[in-house]
Amino acid sequence: MISAVDHVQLAAPPGSEDRLRAYYGDVLGMTEIPKPPALAARGGCWFQTGGVQLHLGIEADFRPACKAHPGLRVTGIAAYGARLAALGATVEWDGGLPGHRRFFSYDPVGNRLEFLEPDPAV
């Protein structure tokens, strides 16, 4: 029986780790966590905030997915979106999910991320 999502893995091109650290660490406010030594040799980087982990793995023939994305629940979505925009990240608001406020952003290699919060007015 599945009890929880342990992590979400996204792909990234070789040599992109510094750009990923700037976005996931500095912009999103996540903490980089060490990869196990056997996996660290493959490149990439892992991030965590609370119980959420995102793993960025290196893919030699990388192409970002057009539609696939993790959905990340946030609190204070208006302030969080404003923070991302002020730090230079794309923030595309979308009203298409009933009962939620949400926006999409893209990491520096083109991975799509959804940020959402239940709308208390609904």
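The model is a predicted one, in which local features need pLDDT of at least 70 and side-chain atom pairs count only at pLDDT 80 or more, while totals for chains, interfaces and linings use all residues. Residues are numbered from 1 along each chain as its sequence is written, and side-chain values use heavy atoms, with hydrogens and water left out.

Glu17, Leu20, Tyr23, Tyr24 and Val27 of H1 are buried, where buried means under 20% relative accessible area, exposed over 50%, and partly exposed in between (1.4 Å probe, protein chains only). Viewed down the helix axis, these buried residues fall within an arc of 165 degrees, so they line one face of H1; the arc is that of the directions from the helix axis to the C-beta atoms. Asp18 and Asp26 are exposed on the face of H1 turned away from the buried side. Although alanine 22 and proline 108 are 86 residues apart along the chain, 8.9 Å separates their C-alpha atoms.

Serine 16 sits in the loop between E1 and H1 and is buried, with a relative accessible area of 0%. A polar atom of the serine 16 side chain lies 2.7 Å from the backbone oxygen of proline 13. This can be set beside the cut-off for a polar contact, a pair of N or O atoms within 3.5 Å; within protein, one must be able to donate a hydrogen and the other to accept it, and residues adjacent in sequence count only if both atoms are side-chain atoms. Once neighbours within four places in sequence are left aside, serine 16 is in contact (heavy atoms within 4.5 Å) with Ile58 and Val109. Just after H1, glycine 29 has a positive phi of about 80 degrees. Glycine 29 lies in the loop between H1 and strand E2 (31–33), and its relative accessibility of 41% makes it partly exposed. Apart from residues up to four places away in sequence, glycine 29 touches Tyr24 and Arg83.

Helix H3 covers residues 77–86, and its buried residues are Ile77, Tyr80, Gly81 and Leu84. These residues cover an arc of only 100 degrees around the axis, which puts them on the same side of H3. Ala79 and Ala86 are exposed on the other side of H3. The buried residues of H3 pack against H1, strand E6 (92–94), E7 and E8. Just after H3, glycine 88 takes a positive phi of about 95 degrees.

Two residues toward strand E8 come next. Asparagine 111 lies in the loop between strand E7 (100–106) and strand E8 (112–118), and is buried at a relative accessible area of 6%. A polar atom of the asparagine 111 side chain is 2.9 Å from the backbone oxygen of alanine 11. Beyond its neighbours within four places in sequence, asparagine 111 contacts residues including Leu10, Tyr24, Phe62 and Tyr106. Leucine 113 is in strand E8 and is buried, at 0% relative accessibility. With neighbours within four places left aside, the contacts of leucine 113 include Leu10, Tyr23, Tyr24, Leu28 and Phe103. Leucine 113 and histidine 100 are 15 Å apart, C-alpha to C-alpha, and 13 residues apart in sequence.

Finally, the largest pocket is lined by Leu28, Gly29, Met30, Thr49, Val52, Leu54, Leu72, Arg73, Val74, Tyr80 and Phe115. On a 1 Å grid over the protein atoms alone, a pocket is an open set of points where a 1.4 Å probe fits, with protein on both sides within 12 Å along at least five of seven lines; lining residues have an atom within 4 Å of a point. Strand E4 (52–58) and strand E5 (71–73) each supply at least two residues of this lining. About 170 Å³ of space lies in the largest pocket.

Terms used:
Helix = DSSP H or I, 4+ residues; strand = E, 2+ residues; numbered from the N terminus. Points joined across faces, edges and corners; volume = space filled by probe spheres on them.
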